[in-house]
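Please look over the sequence and the structure shown here before reading on. The paragraphs that follow lead through them step by step.

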Amino acid sequence: MKKLTILALTSAMVAGTPAMADLVFPSLSYRTGPYAAGGIPFADGYADYMTLLNQRDGGIGGVETRVVECETAYNTERGVECYESTRGEGALVYQPLSTGITYQLIPRTTVDGIPLHTMGYGRTSAANGNIFSHTFNYPANYWDAASVIINQLLEENDGSLEGQTIALLYHNSAYGREPIRTLQTLAEQEGFTLTEIAVDHPGQEQGNQWLQIRRERPDYVVMWGWGVMNQVAVQEAINTRYPMENFIGNWWSGSDHDVEQAGADAAGYRSLNMNRLGDMPVFAEIQEHVIDAGLAAGDGSNLGNVLYTRGMYAAFLAAEAAALAQEMSGESEITPAHMRDAMEALVIDAETMEAAGMPGIGPEFAVSCEDHGGTGMAIMQQWDGEQWVTLTDFIAPDDSVTQPLVLEDSAQYAEENGIEPQCAES
Amino acid sequence: MPDQLIFAMEVILNGLLNGVMYSLVALGFVLIFKASGIFNYAQGVMALFAAMTLVGIQQGRVPFGHLINAIFGTDIHYFGWEVPALAAILMTVLIMIAFAYLVQRFVFKHLVGQEPIILFMATIGLAYFLEGVSDLMWGSEIRNLDVGLPQGINDWIDVTTFEALGYGFFIDNLDIAAAIIAAILVMSLIAYSQYTKNGRAMRAVADDHQAALSVGISLNYVWILVWSLAGMVALVAGVMWGSKSGVQFSLSLIALKALPVLMLGGFTSIPGAIVGGLIIGVGEALFEFAIGPMIGGATENWFAYVLALVFLVFRPQGLFGEKIIERV
C-alpha cells in the first residue's frame, strides 16, 4: 500500500510538472500505408529543418524546437486521433499533409485556438482569413494551381485555349475533386472543353481511364494525383504513347518517385511546384549539422528531393512564424494564440529566404487577416529523364477567377457554421 | 463498323487481360483455402513482401538495414553487389518457402482443429505482422522493379487492328506477358497436383483431412507445401503488378481485387479463379466504358463487388465452387 501511495504521488508530481520549455511542432506524418512514399520525404524535411535550428542556432529565439511525430497512415480517423493525442503537448501549429484530415481539423483547431497550416492542400477557401480564423494555406492552394496551369497553357497557345480539350485525371477523393470547380469556370471562360476522369483510391488500376484518354486524345491531361496513382498514370501515359509534354501534374504529382520507375521514358512530363528546385546552402548545413551528426529523421537519402524540400520549406515557414510570434509577444515561450497572430502577420521576402539559406525557394508573400492564402504562385518543372528541371519562373494565378470562388465557398461555410467575419473592423 | 462497337471490343480485350491480373492474386487464395479451409487475408501482403524481397535482393540491400543502423549506430544500406533477376527470383522463392515453414510452425500448427473464423483472424494478424516486417526489412519507399518484362503498347496488334478496323487497339505487352505467365502457372499447378506424389497428397488433404491423415499423409508437410506455392503465386502477382507502379505498399491492396473474383469463381477452384477473374475484368471494364461517364466514373472497385453479389445470389458456392450440402 505504501509503495502504491509513493507511486501515485510520484506520478502526480510528474504529471503536474510544467511542460519543458520548447516549441512544439506536431508532425502528422505517414511513414506507412499506401501513401508513405510521399509522406516520408516530407516528414524528413520538416523534422530535419527543426533539428538544424536546434543544432545550429540553439532553437528559435533560444528555445529548442520539438517535433512530435504521429503516424496517420493518410487515414482521416487516425489523423484526428493524432490531433487529439498531441494537442495537449503545447502544439503551436498543425500540418496534417492530408486534405481529408484538414477538413476534420478545421472546426476543431478553431475551437481549440490552434493554427492549422495546410500548405498547398486542404480546403481552398480557407484562404479567406476573414472566415477561417485559424486555418492558413499560404503560399498557394489548389485553385491557384488549376489557374496557374491554365495560365501557362494560355501562354503556350498564344493566349487562347478556344476549342482545345483538357482532361482532368483526378484522385477520386476530397483532394482530387478540389480543382473541378475552378477548371469548370476556366473552361467556360477560356472556351476549352473539360473532361473529368476519376481514378479510385489508391490508383493502382487506371487501364480504363487511359483507354478513354487514348480514344478521346485530349490536347492536355492535367493530373490531380497522389501516391501510387502518379506512378501508374505516368506509366500508362508512356504505354499509350500520350505526348508526355502535354501531361501536367499538380504539385503533389511531381515528386522524384513519381517518375523514377519510368525513368527516361517519362521525359517531358511536367508538373507544378510551389517551391524552387536545385542546390541551396541550407542543404549543406543539414548535411553537416543533422545527417552527419546522426540526427536525421530518415537515412538522409531524401535530402534535396522535391518532397523533402517542400517539407523543409513548410518547417521554415513555421519557424519564421514562431520567431515573429516571439518578437510580437515579447515572450520566448509562445502560445498557439501568439503563433496564430504571427502567422497572420507573416511576411516572407527575399532577404528572409536568403538568410535561411534557401534563396528564392518560394515566392515573396505577405499574410493578412483577410488573406491567409499567399500569392498562389507556382513554378512549372519538367522531368528530363533523370531529374526535375525548372522550366519557368513563379507563375501567378488568375485572382479574378479564384477569388470570387474563394469568397463564395467561404461565405457558404460561414453561413452553415454561424461564423462571423473576424476582420470586419479592420 | 460503328466506332462505339470497335471501342467496346478494345475495352473487352483489355478487360480480359486485366482479369488475368486479378486471377493471379485470386490463385493464391484458392490454393490455401482448398487445402486447409483457411481464407488467407495475408495473400495481398505476401505479394508485397515477395516483391519487396525480390527488389531488395536484386539491389543488394541489407535487410533490416534501418534497424541495424539504429541499434548499432552504423550506416550500412547496401552490400555493394547486385544480383541478376533470375538468381534473385530463386532466392526470393526460397525465402517464401522459409516463410511458409515459419507460418506453419509457429501459427497454424497450433490452431489445427479450430473454427474457420479463428484461422481467418490469425491470417489478419499475420497480414499486419508481415506488413510491419516488410517495412522493417526493406523500408517503405517505392522500389523500382525491373525483371526484364516487356511493357508498352503492342505494335503488331495496333497496326493489324488499324488496318482491319481503322482503329488501332491498345494492348499492353505487360498484360500479354501476364496472360502467358498465368497460363503457364495454372497448367503447372494442375500438372503438379495431378501427376506428382505431393500434388496427390495436396488433393487428398483438400478432399478430406481425416482420411488423408489415416493413410499417412502429413498434414503439416502439405500445409507448408501449399503456403509455399501460395508464396510463389504471390511473387508472380507482386512482380506483374509492381512492374507498372514500382513496388510499394499499395501492392498489398490488390487482394481486394481478388475477393469478387473468389466470390464469383468459388474459393476452391483454380479454373474458377481464372474464369472469375476474366468475368470481373470484362464486366467492370464494360460498365466503366458504357455507364461510368454518366455517373462520374471510377466505378471499377464497387462494380466488381456488385457483379460478384449478383452471381452469389444465384450460385452461392460460386461458378466452380463445391456445392455444400448439409443434412440435418
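How are α1(B) and α7(B) oriented to each other? Before that is answered, note that this is a predicted model, in which local features need pLDDT of at least 70 and side-chain atom pairs count only at pLDDT 80 or more, while totals for chains, interfaces and linings use all residues. Residues are numbered from 1 along each chain as its sequence is written, and chains are lettered from A and ligands numbered from 1 in the order in which they are written. Helices (H or I, at least four residues) and strands (E, at least two) are DSSP runs, numbered from the N terminus.

In chain B, the axes of α1(B) and of helix α7 (residues 173–195) come within 9 Å and cross at roughly 50 degrees; here axes are lines fitted to C-alpha atoms, for helices over the stretch in contact, and angles run from 0 to 180 degrees between N-to-C directions. Angles under 35 degrees count as roughly parallel, over 145 as roughly antiparallel, 65 to 115 as roughly perpendicular and the rest as oblique, and α1(B) and α7(B) are therefore oblique to each other. The crossing of α1(B) past α7(B) is left-handed, a word used if the near helix is turned anticlockwise from the far one by less than a right angle, with right-handed used if clockwise. The residues that make this contact include B:L17 and B:V20 of α1(B) and B:A178 and B:A182 of α7(B), where contact is counted if the C-beta atoms of two residues, placed from the backbone, lie within 7 Å.

The helix α1(B) also matters for how the chains meet. In all, 35 residues of chain B are in contact with 34 residues of chain A, and the largest share of the side of chain B that touches chain A, five residues, comes from α1(B).

Chain A has a helix pair as well: helix α2 (residues 36–57) and helix α12 (residues 306–329) pack at an angle of about 40 degrees, with their axes 7 Å apart. That angle makes α2(A) oblique to α12(A), and their crossing is right-handed.

The next part concerns the strands of chain A. Strand β5 (residues 165–171) pairs with β7(A) in the parallel sense over five bridges, pairing being assigned if DSSP finds at least two bridges between two strands. Across this pairing A:Y170 stands opposite A:W224, and A:L169 has A:M223 as its bridge partner. β5(A) also pairs with strand β6 (residues 193–199) in the parallel sense, over seven bridges, and there A:H171 stands opposite A:V199.

A residue is buried if 20 or more other C-beta atoms lie within 10 Å of its own, exposed if 12 or fewer, and partly exposed in between, with C-beta atoms placed from the backbone. Six of the seven residues of β5(A) are buried, so β5(A) is largely enclosed by the rest of the structure. In β7(A), residues 220–224, five of the five residues are buried, so this strand too is largely enclosed. In a regular strand the side chains alternate between the two faces of the sheet. Both faces of β7(A) are covered, with A:Y220, A:V222 and A:W224 buried on one side and A:V221 and A:M223 on the other.

Finally, β7(A) pairs in the parallel sense with strand β8 (residues 247–249) of chain A over three bridges, and A:V221 stands opposite A:F247 in β8(A).
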